[in-house]
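Trainee: Could you walk me through reading the features of a model like this one? I would like the general idea and then the case at hand.

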Amino acid sequence: MSTPEKIVADEKAQLDFSRDMSYGDYLQLDAILGAQKPLSPAHDELLFIVQHQTSELWMKLMLHELRAAISNVAADELGDAFKKLARVSRIMEQLVHAWDVLATMTPPEYSAIRPYLSNSSGFQSAQYRCIEFALGNKNAAMLKPHAHRPDLLAQVQAAYEAPSLYDEALRLLARRGLAVPVSHTQRDWTQGYMENDAVEQAWLVVYRDPKQYFDLYQLGEELTDLEDAFRLWRFRHVTTVERVIGFKRGTGGTGGVSYLRKMLDVVLFPEIWKLRTAL
């Protein structure tokens, strides 16, 4: 039977990286693994930090895919857009399951680290705000937490002023000859989306003849998958927060669970959901 040492030798694996780039070098692991700086003596603070740092990494990838997908839709490159939107939905699944790990933190364990968080809160995540803006949930007040960082403010402001994924989807429908009103293809992109009966009728044309409009029909279902995953992410968030801190106010000053529950009522692509009743 071969020993582990013989297996490695037989495979002729490279073991000397004194002159070549290693796995850790490529991934910048010294910087990543050195970025956890607990402020409290509590054992569980590392879990809290890693949970949120890994979520920010997933959100970085999500934004990379979302921005590219929006550009694809604007350029009528739906095949490329579908691949990216499917990936975004899978990333959201990862973020949903990440809450399962944080939920192993008990209320006393969180109470031990909470004073060290000061006013820092996920509510202030610039990347999360860019995701919400890219999905159409625009709110000018959400620019203010980034006013002290011009670099972050510029990123969030750009997302706030740009057409959302749904805006570009509706503009695509209009380019394909569907009766989407001008009020929803040429508007102030900084304003929150307003549901419109004519938009619902345009989507109904697509859904009543999916063979003729198959790529638009598939776009509608990709949007449905995306919002479905986003709702699960939000719901798992509020459930975990209630489990760990109850109804205490959030460190960022919001009502905590009460605020998060209100966000559950936000519908990103309303006509996509409403048309199902009319079919």
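Predicted model: local features only at pLDDT ≥ 70, side-chain atom pairs only at ≥ 80, totals over all residues.

Trainee: How many salt bridges does the count come to?

Mentor: Side chains of opposite charge can pair when their charged atoms come close. Here a salt bridge is a side-chain nitrogen of Lys or Arg within 4 Å of a carboxyl oxygen of Asp or Glu. By this rule there are 17 salt bridges. One of them joins Glu132 and Arg234, 2.6 Å from N to O. That pair links distant parts of the chain, 102 residues apart, with Glu132 in helix H7 and Arg234 in helix H11. Helices are DSSP runs of H or I with at least four residues, numbered from the N terminus.

Trainee: Are Glu132 and Arg234 buried or exposed?

Mentor: Buried means under 20% relative accessible area, exposed over 50%, and partly exposed in between (1.4 Å probe, protein chains only). Glu132 is buried because its relative accessibility is 4%, and Arg234 is buried at 9%. Compare Asp10 and Lys6, whose side chains meet at 2.8 Å, N to O. They sit four residues apart in helix H1 (residues 4-11), so about one helical turn separates them. Asp10 is partly exposed at 44%, and Lys6 is partly exposed at 43%.

Trainee: What surrounds helix H7?

Mentor: Nine of the nine residues of H7 (residues 126-134) are buried, so the helix is largely enclosed by the rest of the structure. Its buried residues pack against helix H4 (45-74), helix H8 (150-161), H9 and helix H11 (214-245); contact means heavy atoms within 4.5 Å.

Trainee: Which residues touch the most other members of the largest nonpolar core?

Mentor: A nonpolar core is a set of buried Ala, Val, Leu, Ile, Met, Phe, Trp, Tyr and Cys residues joined through side-chain atoms within 4.5 Å. The largest one has 68 residues, and Leu66, Leu135, Leu165, Tyr166, Trp203 and Trp233 touch the most other members. Not counting residues up to four places away in sequence, the contacts of Leu66 include Leu85, Val88 and Ile131.

Trainee: Is Tyr23 buried or exposed?

Mentor: Tyr23, in helix H2 (residues 23-26), is exposed, with a relative accessible area of 62%.

Technical notes. Residues numbered from 1 in each chain as written. Heavy atoms only, no water. Helix = DSSP H or I, 4+ residues; strand = E, 2+ residues; numbered from the N terminus.
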